[in-house]
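Please open the structure in your viewer and keep the selection tool at hand. The stops below can be followed in order.

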Amino acid sequence: MSCWRKYQSKALKNVERRFLKEACEELGFSLDFNVNEIAAYGNSANVTCALKQNSNILPLGFILKENENGDTELTLEGDFWGTGLNESSFLNKLAQTYQKIRIQTELEEKGFSIESISTNKKEEIELVACC
């Protein structure tokens, strides 16, 4: 059933666009920063970018907004109805992938090399790095 909502994740605080873009791509999506309004089922919202899958704009978009501390907060707005996606599993997977990419990039920028990245039986990402 259609349900227009705003979603936030505690794991997606102080978001950087480059990591968000890469995380979405790793999950099979793209971001379109030229689309600043999404609409579906009589609802609409102004967004920073739209979420796309297979070149199709989904009724989901991200709002990136700077808070009073100068951090960039992320809100996902829209309707998951008809997308084939589950709200909580999508947000959890996005947050997990975003943090993996962020940590991997930060370690590499500090001179560490990534020896392995794997997912354990609990669906937790395990990253092994050395200097």
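Predicted model: local features only at pLDDT ≥ 70, side-chain atom pairs only at ≥ 80, totals over all residues.

Residues are numbered from 1 along each chain as its sequence is written, and side-chain values use heavy atoms, with hydrogens and water left out.

Select the five strands of the open sheet, which follow the order β1-β7-β6-β5-β2 with antiparallel pairing; strands are DSSP runs of E with at least two residues, helices are runs of H or I with at least four, both numbered from the N terminus, and two strands pair if DSSP finds at least two bridges between them. β1 (5-7) and β2 (30-32) stand at the edges with a single partner strand each, so one side of each has no neighbour in the sheet.

Next, show β2 with β5 (residues 49-53), its antiparallel partner, to which three bridges join it; within β5, alanine 50 is the bridge partner of aspartate 32.

Moving to the segment before β1, pick methionine 1, which counts as exposed because its relative accessibility is 78% (buried means under 20% relative accessible area, exposed over 50%, partly exposed in between, with a 1.4 Å probe and protein chains only).

Finally, select glutamate 108 in helix α2 (residues 87-109), and note that its C-alpha atom is separated by 9.4 Å from that of cysteine 131, 23 residues apart along the chain.
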